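Dear colleague,

Please find below the sequence and the structure that I promised to pass on to you. My notes on what was found follow directly after.

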Amino acid sequence: MRRHILLHACCAPCATAAIEILDKEFDGDITVLYYNPNIAPRKEMETRFEELSRYLSERYGDKIPLIKGEYDAAEWMRRVAPLSASGEGGKRCFECYYMRLHYLFEKAKELGVTDVSTTLSISPHKDKKWLDEIGRLLEKYYHVSWYSHLWDYRRSVELSKEYNLYRQDYCGCIFSLKERNERVAAREQRKKERIVNKTT
Ligand code: SF4
């Protein structure tokens, strides 16, 4: 049976290095799935999708199909909000990974592909062990192979620069956006305090 992989992608920068590897490994038999109901606001979700679409067509022409999943933002919020205080890297992320990977396996089954993977593990802020744990459990249930790989983060940075890709500075959800804003405000405050201390 010819292998075909369905790759879950969270954004263009994270997808770059993974697609390069999978293009060789699967001899071009790749479909990319963009399913990210976690991303807020909706405009940001659309921006990341459009950038991914631009990258695929600039680099691969029409060779790699791109599927856009539904924007189940209300369902995502219902499942993840109760865990939101865990912070980035905490239990809310486990639930967020699970929802996206579950959809990936369901879609893989529907399309009849042999393998699935995700770009999420490229980020140093993501928990690869959790992603693999979820992937291996779902693999047993759906009988679709979980392809685990340590993607090359530095290569993704190189390709993002080469294709001038938009790189967001927060993970995606409204909670991570709030945390990012708090970090920026705290940094600004420290900067102001340093200036005051120097001048007094
Ligand atoms: S920080 Fe990122 S991975 Fe964690 S819940 Fe928010 S969007 Fe999902």
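**What was found around the ligand**

The residues of the shell around the ligand divide into six nonpolar, two polar and three charged, where Ala, Val, Leu, Ile, Met, Phe, Trp, Tyr, Cys and Pro count as nonpolar, Asp, Glu, Lys and Arg as charged, and the others, Gly among them, as polar. Before going further, please keep in mind that this is a predicted model, in which local features need pLDDT of at least 70 and side-chain atom pairs count only at pLDDT 80 or more, while totals for chains, interfaces and linings use all residues. Residues are numbered from 1 along each chain as its sequence is written, and side-chain values use heavy atoms, with hydrogens and water left out.

The shell itself is made up of N38, W76, E88, R92, C93, C96, Y97, R100, C171, C173 and S176, a residue being near the ligand if one of its heavy atoms lies within 4 Å of it. Helix α4, which covers residues 91-111, supplies the largest share of this shell, namely five residues. The ligand takes up the space of the largest cavity; a cavity here is a set of points, on a 1 Å grid over the protein atoms alone, where a 1.4 Å probe fits but cannot get out, and a molecule sits in one if more than half of its atoms lie within 2 Å of its grid points.

**The fold as a whole**

The protein has seven helices and five strands, both taken as DSSP runs numbered from the N terminus, with helices being H or I of at least four residues and strands being E of at least two. Along the sequence they follow the pattern β-α-β-α-β-α-α-β-α-β-α-α. The C-alpha trace spans about 75 × 40 × 30 Å along its principal axes. For 200 residues, a compact globule would have a radius of gyration near 16 Å, and the 18 Å of the protein agrees with this; the radius is taken over C-alpha atoms, and the globule rule is 2.2 Å times the number of residues to the power 0.38.

Of the 200 residues, 48% count as buried, where buried means under 20% relative accessible area, exposed over 50%, and partly exposed in between, with a 1.4 Å probe and protein chains only. Among the contacts with a separation of 6 or more, 77% are accounted for by residues 24 or more positions apart, contact meaning heavy atoms within 4.5 Å.

**Backbone details in the loops**

The peptide bond from A40 to P41 is cis, with omega near -5°, and P41 is found in the loop between β2 (30-34) and α2 (42-60). H143, although not a glycine, has a positive phi of about 55°; H143 belongs to the loop between α5 (128-142) and β5 (145-146) and is exposed, with a relative accessible area of 67%. N164, likewise not a glycine, has a positive phi of about 50°, lies in the loop between α6 (153-162) and α7 (174-199), and counts as exposed at 64% relative accessibility.

Y35 sits in the loop between β2 and α2 and is buried, with a relative accessible area of 2%. Not counting residues up to four places away in sequence, Y35 touches H8, A9, G69, E70, D72, M99, R100 and Y103, and R100 is also one of the residues that surround the ligand. The C-alpha atoms of Y35 and M45, which are 10 residues apart along the chain, are separated by 9.5 Å.

Y60, in helix α2, is buried as well, with a relative accessible area of 12%. Leaving out residues up to four places away in sequence, Y60 touches I19, E20, D23 and Y55, while its C-alpha atom is 27 Å from that of G135, 75 residues apart along the chain.

R136 lies in helix α5 and is partly exposed, with a relative accessible area of 43%. With residues up to four places away in sequence again not counted, R136 touches W146 and S148. R136 and V196 are 60 residues apart in sequence and 54 Å apart in space, C-alpha to C-alpha.

With best regards

Note on methods. On a 1 Å grid over the protein atoms alone, a cavity is a set of points where a 1.4 Å probe fits but cannot get out, and a pocket is an open set with protein on both sides within 12 Å along at least five of seven lines; lining residues have an atom within 4 Å of a point.
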